[in-house]
Structures are given as C-alpha cells and as structure tokens.
Amino acid sequence: MFTDKNRRFTGILLILLLMTVISAFLSASGQQESRLDEAKNLIAEKKYNEALLILSEIIKYNPDQYEEAVTLSNQILEIRNQYNRMYEELITTLYVDQDVEKGIEIIKRLEDLDPNPNDQTRKTIALAKDASILIANFNYFNEIMDKALVFINEGKYYDALSVYTACLAGGYDGEGLDFNRSVFYSDVIGDIEQESIRSALTTIERDTMIYGMKGKTLDEASDRILAAIGGSTGIEMEKELDSVIGLLTQLSDLSGNIEKESLIVNNLNTRYRESSYENTAPYFLNTMYQVIDGRSSREEEEGINDVLRLIADGKRKSIKEKITETGGALFTGAQEEFLAREYESARENLGTAFTYYKLDMKISYFNEAKIPLNPLPDLRKKDGWLMLPQYPDFMDAQEAARKCLTYIDLSRYGEIIGKYSEKDKKVTINDLNRLQPEIVSIVNNIKGILEDWDNYIKKRKQETTLRYNETETGEIINFCISTIASFLKDNYGILDAVYDDIEKDYESEKVLLAEGEEVDNLVRYYPQRRLTRFKGMQELLLVLEAKVNELKDYLKTNDQYFENSEDMTAINSRSDTLVLNSAELRRNIADQAAIAEDHIFQAGKFKKEGDLRYGEAMSLVKNLKYETARQKIQIASEAYGNSLKHQEDPEVRKLRDSTLIAFAQRITVLENELVIKDVRKLIKRGKNQYSNGLYEDAQDTLLQARTRWEDTQGNTPNEEIDVWLAYVLTALSIKSARVISEKDPLYKDMSQLFNLAKEDYTKGRSLYRQGEKTEGDGYFARANTKLLNILLSFPFNKDARVLQLMIQKENDQEEFTRNFARAINESLASKNSNNVVELRRIYNELKDLEEIDPRYPKLANAIYDLELRLGLRVKPPDPQMVRESEVLTRNARKIVDNRETEKYSIALNQVNEALKKNPDNQAAKSLKDRILSYIEPSSVSIISESDMREYRKAEQLHIEGRYLEAQRIIDQLWQKASNRRYAPLIKLKTRNEALSV
C-alpha cells in the first residue's frame, strides 16, 4: 500500500508523464507529409511521428488524398490511443499496484507498439523505467524495514540494528542495493554537503555497531543485577547497579552522538524537501533518514534511534521494575508490621526497602550516578527542573524513600512508647518522668516530619509537567497526624495501664489487708507493707494526674493539626475521665491506709500488753508462784497472738511461738517438783481417809491428786492414784447402794416412808413388851409393808434392811438367829467365788447384821475377808511380793544412778510395778518421785499461735456440731507431738470423737 509520502511522489511523476505525452502528440499533429506512400512506409516501419507529419501535410495541401490521409491518420491515432491507454495502465501498475514486473512488461509492449517515439515520449518511457527501478527499491526498502520491525517487536534489538547498519553500509542480504546512493552523490548533492552526509552516515554506522557490542555487555550486567535483587546485600546490589549505570551512561553517550549525527541527515533532508516544488527529498537521503529515525508513516517505534532507546530503556525499566516491585513489597510488609506495632521488624524491613529505593533513584536518573541520597535531593537547576524522561520515575522513588525514612523515624518513636507497654511491665514513677518528655519530643519530631512533607508536597504541586497524585502523596500527612494521635493514645493507654495496675494492686492489697497472706501454709498479716504500698500508689497516682494534665496543656497549645481530629477529642475526654478516676482511687486508698494504720496501732498495743504480762510471769516464777505465772504466760500468749492477728512481726512471733512456750515449759518443770510432792501428800492423805472409811473424802483427795498431777503431766496416768481411786470407787459403789443420796429424786419420799415404818416398828415393839403381841404384829406388818416398798427401789438400803432385821428379831428370834448363821455360812462358802454380785449381796447382809450384833461370833472375820476380796481393803503384802518389789526398786535405782536418761521410762514402769506388789514400799515411792522430777512433764500450757488459731477453729466447729470438719483439723494438729500434750486439745479430741461416731 502507498504511504502519504509515496502517493505524493507518484502523483507528481504521473502528471509529468501525461504532460510529456500530450505535448508529443500536439507536436506531431503540426507536421505535414506530402507523400502518401512515404507515410505508409513510415507507418509500416512504426515511425508514427514522421508518418503523421506527412499525412498532416497531405490533408492540408492535397485534398484528393484527404480521405486516405485521414484514414491513415486515424489509424495512427488509434495506435496512439492504444499507447496512451497502455501508458495509463503502466502508471497504475507501477504506482498504484506497485507491480514492477508487470510494469516492465507494459514498457516492452509500449516499445513494441511505438519503437520510434519522439524525444519527449522517449524521456517519459525512460522515466517510467527509472520509476520501476525506484519502486522496486522502495518496496524492498519497506520489506527490509518491516523485517527489522519484526525483530524489534520480538525484542531482538541487535538483529534489528544489524539490518539498519547493513542499509547504512549500502546493501542488505548481499543484494547490493544502494537506494540510489550513486545517483544521489553524482547528480544531486554538492561536494561539501556530500562530505558531511558521508561522515554522518559513517559515524552513525560505527557507533551503532559499538552500541550493539556494549549492549550485549549490558545484558550480562543486567542479568547479574536482576539475580542479585532480593538475594544480595545492599552493597553488592549497589556495586552491580553501578556497573549497569556505567554501561547505560556509555550507551547514552553513544546514543547522543548518533542523535547529533542524525540531525545532519535530518536537516539536509528537510532543506531539500522545503526547496522542492513537489515537497520531496532525494530518495537516498530520505531512505537513510528513515533508517535512522524510522518511517513517519508507521506508528511503531523503529529506526536506529528508537532501537537504541528501547535497548537502554528496556534494561533500565526491567531493572527498575524489579527494584521498585521488591522495594514496594518490603515497604508494604513493613507498613503492615508498623501498623501491628512490630516496630523492630518493621524498621529492619524499612531499612532494606530504603536501600531499594536508593537504587531506584539511581536507575531512574542514571546520568547522575552519585547523586546525594540523604538528605534527598530536589534536582533543581537555575533554569528550572531537570526535565529528563525518567525524572518522574526518580521523583516517585524519591517519595517512596522519604516515606521509608518517615516510617523508620515513626517506628523508633513507636518503640520508645512500646517499651512502656510491654505485657506485665510495671511502670514506675521514674518511668513516667522519663516518658513524659519523650512523648512531647516525639510529637514535636512528628510535627517536624509533617512540615517537611508539607514543603515537599508544595514542590511536587509546582511540577505541573510531572505526574502527581495529591491524594497519594498527601496521605503521609494524614498518616503522621493519625500516628501522633495513635502515639498519644498509646501514651494514654500506658497511663490507663498504670492506673489499671494501681487499681489492681489496690484491690489485691485491700484483700491482703483484710485476709492476710498465705506464707508456708499459714495466714499472716502485714499492714505495714500494705501501708507502704498504699502510700506508693497515692504518690504514683499524683504523678499520673500531673502527667495527664501536662499533656492536656501541651496539646492545647499545639493543636493546629488536630482542630478537627476526633482522636484528639476522644483523648481529651479520656484524660478527664482518667484524672477523675485517679482522684477517686486515691480517696479509696486513703481509707484503706487508715485501716492499715489502725492494725499497726492495735498490733503495737497488744504487744505491749504481752510484754507486760511476760515480765509479770518472770517475777512470779522467782517467787515460786508458778500457777499465777502460768496464767500470766497464757494472757501474754493471747496478747501476742492478738498482735499477730493485726501485724506479722518476727520478734512477736518468736516471743509467742518460741520464748513463751520455752518459758512455760520451764515453769512446768519447776512446778513439776512441787506437783510431785503435792501429789505424794494427797495420795497419802487419801489412803488414810480410805482406811478410816471416809470414802467420799478419800475420793475428793485422790481426784485432787489427779488434777494436780495433770497440771504438769497432762494425760499421762499416775498408777498409784488410779489404784487407790479404784479402791475408793468400789467402796463408794457399795456404800451408795446402802444409802439413799440426798440428791436422789426419791430421797424425800423414801425418808418419809422409812420414818413411818420406824414409827410402826416402835409402836409394835412397845405393844410386844406390854404383852399385846397380836396388836404388835399388826404394827410390825405395816412397818414391813412400808420397808418392802423402799427395798423394791433400793434393795440394799441399809436402814430399811436393818429395820427389817430388828422387826424379825422382835417378832421371831429363832428365825433371826437362823438367818444370822446362814449369812456367816454363805460368807465362808463363797471363799473361792468370783461372783462379785453375790459377794456384794453377802457383804451387805453381814453389814446389816453387824448393825444389830457386831460381836456375833465370826462376823468380824467374815466381813474382813469379804472386804479384802471385794477390794475394800488392801491386802497385806505377801513376803514374796515384798521381795520382788524390792528387786524392781533396785533395778530402777541403777538406771537413775547411772543417768541413763533414755531408760527413765523403763525405770518408772519398774517402780510402778514395785508399788503394785508392795504399796507400802517407801523406797519405791521416793524413787518414783525422783524419776518424775527428771522426766520432762508431758503437758504443755500453750501451743504455737498458728496451731492455737486452728484449735479455736476446730473448737468452734465442734460447738456448731460440725464434728467431721472439726475432726479433720484436730487430726492435723495431732500430727505434731507437742500438741498431743496440750490438755484442751486432748479433751476436745475426746469429746469430738465421741460425738462424731
């Protein structure tokens, strides 16, 4: 297809050819030929111009030959018309269809049709021949350029350059086509211009070949930097990039030189075109210009200059794209880390991204390989901006680098605040004092960043020829403002966290003040600690309120960026709430501090009381007033315990759980010596009372001895006391059966009934002695009836039974005598009996008879024998028993004399056994008392404060009837050996176990 340039050239050529043909025909028509035959011969020889001249003369001067001449002329004109039609076909074939082969065929046919044309026709045909050659060259040139364009589109730039340089050299693919080079140099151009064009084309050809060689080196360097991106250090990448930039600079210099030389071709081409009537330039010159700058009819990039630019820009852009993409990915990831407050990781990735953006700036503006990067350059000159094609890329990279630096600064600020926001980190007053200036400094620094970005954006707005997106570029300002708000929120978040921590500590300390701390499974109270911490909390809250107010005042004077900020409104509201809450919390803390101070006062008061009672106890011990001293120790123990309930104090605890217990033990040891003496006296007195039949008195004395014994020996039994109490209790049980206690509910009725019976007896005896037996028997019968009623309830009642015997003696002397004898015989018969009930019956009956006749034969012996057998009397020691008792006593004395303290319990068992065998063994009694004075008393008067607290808890549970719960505590206390000697615990354990079964 014709291009605009081709159509213009073809149209001019067609007009010239047609004008030549017409003028030739006009010239031929003016000629005359006189001779008709000669005209015919000329027609036969195809000398149509000469024939027409003759025929013209004939028509003009020979009318008689007119018709024939006209016929011959018409014949020639028909040939001429045919020639013109064929010529028109030639024009269409060559310049419309561009079919050179068909055009040459038509030219041959034209030459055959008119082998002898006139000069003008001959020139026209010659011009047509030249045009066919020109069109052939033109078509071939387009084929060559299209082939180069295919290489370009396939990215085979060096193959395209080979095509172009072959054209510059005078041929392509061995065809040797010179695009009318020789005609141009020989016929068209002058010597001076010819030298200029030759030099320019030679330089362009040479530099293009050099460019191709260096371009391949650039390919290798480009591959290296592309491989290094993302996997090498910044230094390595910068080194590789500098190599690429060096090559790009060399190629840029070559490209600039080629462009300079191409201007010579372009200027001459333009001059020829402007001076030509047809506005055309010489074919060769125009062809070379298109090889260099490309065909103007094509929209695609082609020609040497375009290819050189594609090579450099392609490499630069591919490297830049990967650098930009990698840096952008790092920046995006770092931005996400920043927003997630992972500042350290964000800063590391931002630093790497900044390295890429520095490389991006270099590759975007490689003509200045060593541009300053920090501070980032503005790249201005006196005459304005350096408006390079890649300058917008540079500005984009510069902006991204600025953002990286901004985020790096912001991340540092974030870390400063973040370190106070670490989980579980307690913020102290000193922390807040350091934090406050840092927050203000951070806000000021970010405001400086805001001002820098304000100025930067203003400059970008001035670059009207550069791409600029105000929303994208300006978003960093909004981000900085939101970051300030975020950091301020963080700061208030820290202050909130401080407040929350204080509030939590307050609640915790409040509970500890009320419930104590569990230390080694014991609850202890530390109001002094609580008071110290309460005061610390109040101080911290005051600092907190001051910091909040300082920030509020600062923001009021620096709010130009935050006039319409919802965040700032929220922060101000938040700070007001924080101050109010802090003041309320301080008041609550003050209330608890007052409670703590009261506990401290109470603890001191009870300690003073304990000290006083302890001092009194020591004085009483010196005066041998052990019982009173022990009471004082008990009071001191309670006082110290109460002090510990209010305030844990190592000194008080030592006094309560160590000093007092040791002193109480010392009192017990000293008192034990008296107890042993007192118990010995009481046992002796009880024995005497028993021997004298004073069983109630004996029982009281022996129980007194047992109580006194328990003062120092707790629940450790005293076998002597137990033995004599057994005798006394047996006697009392027999005696109680014979006597109605005044405490018995029937005592009054029985006494009245007995008195009535006694009155009947007295009246009956009086009547008997008056000889009125019948009437006397009546009274005796009534008396017996009354006595029988008494004996139904109290069968062994001495008074009723004796009165019965007295009535029997008055009423039936013989029966009475038989009963007396029977009782004596039954006593003798029961000598070997073990039936205690039967023995007691016989014994009571004999005692009743004794009331009537104590001198009755064998009665006294029978009663004595029964008393021994019933345990109412102590048997005289058997000589064998006496000897065995003495042996046991001697063995025990050896242990004591040898100070074998670990065997004292054995010695004590031996003397107890000796006393069983011989209760009158005085040596055993003395040795026993001596051993008891050596053995540590088994009872304790006080136990530790913590154990006492548990004891009272168990005691309360027992009172409430929660026996199982109480028993669990008792069992826990019982595991400690010293507690098993505490009498109250022993008694509580016994009572609780009895009720919990």
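Predicted model: local features only at pLDDT ≥ 70, side-chain atom pairs only at ≥ 80, totals over all residues.
Trainee: What makes the count of disulfides in this structure what it is, and how many are there?

Mentor: There are zero disulfides here.

Trainee: Why is Cys167 called buried?

Mentor: Buried means under 20% relative accessible area. Cys167 has 0%, so it counts as buried.

Trainee: And what about Cys404, buried or exposed?

Mentor: Try the cut-off again: Cys404 has a relative accessible area of 0%, and under 20% means buried, so Cys404 is buried too.

Trainee: Which residues touch the most other members of the largest nonpolar core?

Mentor: Tyr164, Leu201 and Ile304 do, in a core of 58 residues. Several helices supply at least two residues each, including helix 7 (157-169), helix 9 (191-228) and helix 12 (304-339). Helix 10 gives the most, with 12 residues.

Trainee: What is Tyr164 in contact with, leaving aside its neighbours within four places in sequence?

Mentor: Contact needs heavy atoms within 4.5 Å. Among the partners of Tyr164 are Met145, Ile152, Val291, Ile304 and Val307.

Trainee: Which residues does the second core include?

Mentor: Ile721, Ala731, Val896 and Leu927 are among its 27 residues, and this core is separate.

Trainee: How much of the whole chain counts as buried?

Mentor: Of its 997 residues, 45% do. As for the fold, the chain has 34 helices and four strands.

Conventions. Residues numbered from 1 in each chain as written. Heavy atoms only, no water. Disulfide = S-S within 2.5 Å. Buried < 20%, exposed > 50% of the residue type's maximum accessible area, 1.4 Å probe, protein only. Core = buried A, V, L, I, M, F, W, Y, C linked by side-chain atoms within 4.5 Å.
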